[in-house]
Amino acid sequence: MYLTDARGILIKGNKTYSQVSGDVLRPLEAKTPRWWLVATFISSLAIAWGIYSIYVTISTGIGTWGINNNVGWGWGIINFVWWIGIGHAGTAFSIFLFILRQKWRTSINRAAEAMTVVAVICAGMYPLLHMGRVWDAFFILPYPNTRGPLWDNFNSPLFWDVVAISTYLMASAVFWYIGMIPDLAAVRERATSKIKKAVYSILSFGWVGTAKAWLRYETAAILLGGLAAPLVVSVHSVVSMDFATSVMPGWHTTIFPPYFVVGAIFSGFGMVLTLMILVRKIFHYEDYVTERHVDAIARILTFISLIMGTAYATELFMAWYAGGEYEMFTFMKNRATGDYALAFWTMITCNAIIPQLFWFKKIRHNLIIVFIISLFINLGMWFERYVIVVTSMSKDFLPASWAQYKPTITEIGIFVGTLGIFALGVLLFFRYIPMISIHEVKAIIKPTTETNSRKHE
Amino acid sequence: MSKINIIGVYSDEDVFADAVQKIKDSGIVIKNVFMPFPVHRVFHILGLETRLPVMTFIYGVIGVGITFAFLFWTSVVNYPLKFGGKPLNSLSFIIIMFVMTIFVATLLTFMTFFIRQKIGPGKKAVMIDPRSIDDKFLIVIGKDPSMKKEEIDRITSLIKQTGAEEINERPEPEDFKEEND
């Protein structure tokens, strides 16, 4: 029992090294498939709508959004937090598992990192647009100015956010790119057309793969991973402090930083699952992303879902146990029952209850159900941010100033636009970049297929 | 006159690593090895080391130092302004210092890697054998004009013995650059 490897064979089909390169690079070398063109067209339409909505927001003003004096944060901040959460996929997935030396990550990490970079770009747009006067966005940077110089408020979580998210974008992009260099060199060597060879030659930085280069490369990768791992925790902690350092009932809680970090990893893994099930089907990567990979992600999600459930329960319990009048109202009368009960229970069902189905092996191995559950997780995590942002703001301390919030078509347009950006980014990635880390997969083939026989020796 | 190399081509990672060990033990100088993916044993056998972690640590220290200096200067020296009754030199600076440490260390580590390795956009890749990026492992041994025939025979037979699939003798590409240590 102790000799059997928990994960079994990671790459099926007794692949040779050359076959791995061939399989992974096939979509890059094949003719552009029709579905890809259609999907690109649809996502471009979404982006066009998004750009129009951004134009309306900038030219007319932030009044085109549904936010008001009370509910100052609407879809803008909900979607910002949602995208940042999804952006935790790459780092959480590839960096945590990388540092833990989990070999099964190799077929999935590249796609997860690509998702991260695109999702963080989507997220970054929202605070900028929310400023209203986008052209004054540089005010947030601490630069010597003629107003004193009056510097930023370095004690403000909103400023921490700027620092944390730009660092996160840089670090995840750097980690992603450095991971791709040897694989881009593989594309370069196999390229037949002159243009392709020239482009990938530039992208691959003249990589040839000597021993010293590999040593430095691996050291750099682990260092960057080690640096980015605490960032995964800090980014969403800082995002949560945007809420938690205020005095709003429902926001002013100490549970927020870990609760947000776990939630982010939850939604990130959910999106990884959604995407990888599609990828394995469309590109016939069943040998690389096996049922065991899906199974492993599903198990992690089950566990995180339990933490999410505990967090929700803790919030309700603390509201009751502490006996604060406003907390009680927000949690019991405004969330669990009342105007926002539907959103609240959607959140509970999608995040804490439905993923518990993953306890059953039959469900974990039925990819259609797994796919549907992963969509529910994405939806549930969106509703979590909706519940947090809107309920606390719409009914605060003074009933005379209560206000309702409904998104306008402009806000919806921007959200659809970012969905389009995400989809387009991922589509471009599928078409032009090796979506499975070739050199890492090659390195695990021999050790993992022979694990069992070696252990018995 | 270009240099001539003797190249042993292997296709299995373990055979290759054993071969590197044997050839090194026999006192033959291995000029370079090429791998499609990193085989960690080879690093140890060839005694390769990198000081990159030390540099990253130094970058981190620089990052945290500069950030604190900046925060202190702006908030305490240049324009002291009370925010919400907090002290001017606030404990909450830690958050920005933490993140900026990572920022500086990540960016400079990334750049150091490319500068030390002397690779970057626009650098031409000069391959000894293009298959080494796909599925072949190469051991490259420099052939000195002063080498005697017996010596060359010893090298080739050792490469053969250790399980090489091919032994090629090829002039080194003109623009191939030696790596620094």
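1. Read along its sequence, chain B of this predicted model follows the pattern β-α-β-α-α-α-β-α-β, which amounts to 5 helices and 4 strands; helices (H or I, at least four residues) and strands (E, at least two) are DSSP runs, numbered from the N terminus. Its radius of gyration, taken over C-alpha atoms, is 25 Å, well over the 16 Å that the globule rule (2.2 Å times the number of residues to the power 0.38) gives for 181 residues, so chain B is more spread out than a compact globule. Along the principal axes, the C-alpha atoms of chain B fill a box of roughly 85 × 35 × 30 Å.

2. Chain A has 17 helices and 0 strands. For its 457 residues a compact globule would have a radius of gyration near 23 Å, and the value for chain A, 23 Å, agrees with this. The C-alpha trace of chain A spans about 70 × 55 × 45 Å along its principal axes.

3. As to burial (under 20% relative accessible area, with a 1.4 Å probe and protein chains only), 61% of the 457 residues of chain A count as buried, while in chain B buried residues make up 44% of the 181. Chain A exposes about 18,400 Å², with carbon and sulfur atoms supplying 70% of it, and the accessible surface of chain B comes to about 9,600 Å², of which 62% belongs to carbon and sulfur atoms; these areas come from the Shrake-Rupley method with a 1.4 Å probe.

4. Taking a contact as heavy atoms within 4.5 Å, one finds that 82% of the contacts in chain A between residues at least 6 apart in sequence join residues at least 24 apart. In chain B, residues 24 or more positions apart account for 80% of the contacts with a separation of 6 or more.

5. The contact between the chains takes 59 residues from chain A and 67 residues from chain B. The area buried between them, meaning the accessible area (1.4 Å probe) that two parts lose on being put together, summed over both, is about 5,600 Å², and carbon and sulfur atoms give 72% of it. On the chain A side, N155(A), F205(A) and R216(A) lose the most area to chain B, together 13% of what that side buries.

6. On the basis of the values, local features need pLDDT of at least 70 and side-chain atom pairs count only at pLDDT 80 or more, whereas totals for chains, interfaces and linings use all residues; side-chain values use heavy atoms, with hydrogens and water left out. Residues are numbered from 1 along each chain as its sequence is written, and chains are lettered from A, and ligands numbered from 1, in the order in which they are written.

Methods
Buried means under 20% relative accessible area, exposed over 50%, partly exposed in between (1.4 Å probe, protein chains only).
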